[in-house]
Amino acid sequence: MQGEKERKERQTPQSEGQTRRNFLKVAFATTVAGMTIPFAHAQGRERIRVGVIGCGGRGTGAALDAATADPSVEIYALGDLFRDRLEGCLRQLKERLGDRCNVPPDRCFTGFQNFKGVISTEVDIVILAEPPAFRPAHFRAAIEAGKHVFMEKPVAVCPTGARIMLEYSRLAEKKGLAVVAGTQRRHQFSYRETIQRLHDGAIGEIIASYCYWNQGGLWVVRPRPEWSETEWQIRNWYYFTWLSGDHIVEQHIHNLDVINWVLGTHPVKAVGVGGRQARTAPEFGNIYDHFAIEFEYPNGVKVLSMCRQIDDCASRVTEFIVGTNGVASPSGWLRTRDGKEWRYQGPNPNPYVQEHLHLIQSIRNGKPINEGVQVTKSTLTAIMGRMAAYTGQEVTWEQVLNSQLNYFERVEKLIAANDFVPIPIDPVAIPGKTKLI
């Protein structure tokens, strides 16, 4: 999360020539079969209603970012699997937003079907921030109900879930619904300007790239006697592949999304290595603590991808691009072969706020952003890297896209039961023995 100082430097709708009152004169609408049907901002209502599904740190942060982006936003409904998470989120939002957190008890929903409750209210936009395994189910329900969506990345943990995301992203486009993902670099001014220059040929033809997310360890939740094994897995979701996708999917997707953006496409195949050397205790589930993947893109462009979560090691979180006429960092720097250097020096407001601002503006102007397909392809890129490392095999894009690996059926089972039914803990993947499905 960005600091408070950066939040205050955000662009507001007023700074772009639209006052709150002007906004209220513009009805949100969706187009179905050629008909424009108003579905939000009933006459006389002055606020954009936002519902939050997933009330952990990221969901709470996204709610605050949406409220920062536009003074008309009010948080209208909350949902989370766990009552304690919801109550903690509600306290924070009330403290920070006052009456702009308008969530009475009858608009607070818990349990595996909490998302249905939030979506059933008169919200205009839903924020999807439950663990990534649940994203396809929640996204499908939101699009079927005609809601605009902000969703955290990644948007799936397996190819089955990704295919659902592709299907409903395309349906959202047909319905005229806005879909923005939490790949915030897409909304960061320094990245946008630099990558536009790369697309314009500033360093010639791109021939290779490198991307990294190397850092220390993260939080961990240890079991408690009062929790079932399934409840513990979900509370400790980061460390189970079926819930998080592993850290190459949950975190490194940011860097891989930048590479896909720079190259304008997804990779065609991947080969790589990975394992767990530092995080080997049972509380660290079955994910790896390091990966190194070589992705190959069309025209033979190679990308080295590296991510690690091990304490007391060198950190590096960045991307680096090599062209026939120079080198660049997409975050705001490039140098040509003749020694000319350019650095981005313009405004750079908080991208976590900008992504919500761009979502709202796109709905206002009748040209809704839809990032669903692009973020799903970036998610599949990360899944392909994970599958290559887990199995020790070279994996193609077509193999991943058509893979029958299905963690989504576990989510469906939990939602249908609305209870912590038993979910097995998968063994740690062993390259050469774990099969490519």
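A: Start with the nonpolar surface patch made by Tyr210, Leu304 and Phe320, which covers about 220 Å². Keep in mind that this is a predicted model.

Take Phe320 next. Phe320 sits in strand S13, which spans residues 316–323.

Now cross to the neighbouring strand. S9 and S13 are antiparallel partners, joined by eight bridges. In this pairing, Tyr210 stands opposite Phe320 of S13. Two members of the patch, Tyr210 and Phe320, therefore face each other across a strand pairing.

Strand S9 covers residues 206–215. Most of this strand is hidden: eight of its 10 residues are buried, where buried means under 20% relative accessible area.

S9 has another partner. Strand S12, residues 302–309, runs parallel to S9, and eight bridges join the two. Here Tyr212 has Met306 in S12 as its bridge partner.

A separate part of the model holds an open sheet of six strands. Their order is S5-S4-S3-S6-S7-S8, and the pairing is parallel. Strand S5 (108–110) and strand S8 (179–181) form the edges; each has a single partner strand, so one side of each lacks a neighbour in the sheet. From one strand to the next, the twist averages 20 degrees.

Leu78 stands opposite Cys108 in S5.

Note on methods: Residues numbered from 1 in each chain as written. Predicted model: local features only at pLDDT ≥ 70, side-chain atom pairs only at ≥ 80, totals over all residues. Heavy atoms only, no water. Helix = DSSP H or I, 4+ residues; strand = E, 2+ residues; numbered from the N terminus. Axes fitted to C-alpha atoms, helices over the stretch in contact; angles between N-to-C directions. Patch = residues over 30% accessible without salt bridge, like charges linked within 9 Å, V, L, I, M, F, W, Y side chains within 5 Å. Areas by Shrake-Rupley, 256 points an atom, 1.4 Å probe, with all protein chains shown as cover. Salt bridge = Lys/Arg side-chain N within 4 Å of Asp/Glu carboxyl O. Buried < 20%, exposed > 50% of the residue type's maximum accessible area, 1.4 Å probe, protein only.
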